[in-house]
Amino acid sequence: MPDVPIDLARLVDSLDECDLQTLEDAVGSRRCRERYGADKIDGLLEIWGHVPPCPRCGLREPLRDGATPQGRARWKCPGCGKRFSALTGTIFASAKLPLYKIVRIVEVMCHNASLRLIELTCGISHPTAYLWRHKVFSTVDSWQEKVVLSGRVWIDEMYFNDTDLLHDLGRKPRRGLSKDQVCVVVAIDAFKNVLVVASENGKPSTGRISAALEAHIMPGSTIVHDCERAHCALVRKLGLVDERYRANAADPEYLLHMELVNNLCSWIRRYVGRFSCMKSANLQSYLNWFVYLFRVRRDEEKWPAEERVVRHLALSEGVYLRK
Ligand SMILES: [Zn+2]
């Protein structure tokens, strides 16, 4: 047996760059088949029984209609007559990357990889890594819309320098809380449901706190907060139960009762800190991804995170429009 690997190593050494790439693709595709059951996105959709909605009229019950010239399953809409493949209108529609590379991008994004790390681990260029990161983000853009918090709900705010604004103004951020900072409204309940919404710059008004949270809090919930006036107004407006602790890092009572939301804020701070080149305009997309992964990790014992995310992506109808 020992001479077999040596032969293989010699063979690999003898390959030119093009053949070596072919070999790498073959190995990547095989690993992908072993893990997910297919090495093409069509195959994955077939396995998961995905029936695409009509990209023109949105009707959800298309009929099978043979195959496209590329050999993909083709569908026909009984409503408007449009013919389309399962990939039409999805983030995979004009994908040039092999599936195993897309899967690898998603896998490393589950660990909050920087753009550079995505490039290195997936063997792709900087623009491709950028494009795919935003394609993946687009699949969770509306994910937070359905988040509902109930029971005990902790709320707080945190601030990040508005890098876009400061770049335009060409100066360093002012010290302390100011309009140079983007306010992010944060909420978490005892079931670890999480909501993270970028609001406008500076300290949030009552109206902005309401706009961010109102639709996401179940009637009868208890709001646990740090006495901020805008929080009190939200509690009154929605007729919620009020539980407040004056913010004071030296008060053990405050620290104990606000621990959950304080921890959440520090996780978010660490997460955002990894993407130092991020534009403030994209902050919400990054936050959506954070919240989505937070949920996936919460349920990880039931469902391995990477596989769940790959499935989400394949079945997602999110479309990334190049800005
Ligand atoms: Zn249609």
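Visitor: In the loop between which two helices is Asn112 found?

Guide: Asn112 is found in the loop between helix 4 (99-109) and helix 5 (115-122); helices (H or I, at least four residues) and strands (E, at least two) are DSSP runs, numbered from the N terminus. The model is predicted: local features need pLDDT of at least 70, side-chain atom pairs count only at pLDDT 80 or more, and totals for chains, interfaces and linings use all residues. Residues are numbered from 1 along each chain as its sequence is written.

Visitor: Is Asn112 buried, partly exposed or exposed?

Guide: A residue is buried if 20 or more other C-beta atoms, placed from the backbone, lie within 10 Å of its own, exposed if 12 or fewer, and partly exposed in between. Asn112 counts as partly exposed because it has 16 C-beta neighbours inside 10 Å. Although not a glycine, Asn112 has a positive phi of about 55°.

Visitor: Where is Cys227 found?

Guide: Cys227 is found in the loop between strand 7 and helix 9. Its phi is also positive, about 75°, although Cys227 is not a glycine. With 12 other C-beta atoms within 10 Å, Cys227 is exposed.

Visitor: In what order do the strands of the open sheet lie?

Guide: Strands of a sheet pair through backbone hydrogen bonds, either parallel or antiparallel. Here 5 strands form an open sheet in the order 6-5-4-7-8, with mixed pairing; two strands pair if DSSP finds at least two bridges between them. Strand 6 (194-201) and strand 8 (241-244) are the edge strands, each pairing on one side only.

Visitor: How many bridges join strand 4 to strand 5?

Guide: Strand 4 (residues 152-161) and strand 5 (residues 181-189) run antiparallel and are joined by 9 bridges. Val153 has Asp189 in strand 5 as its bridge partner.
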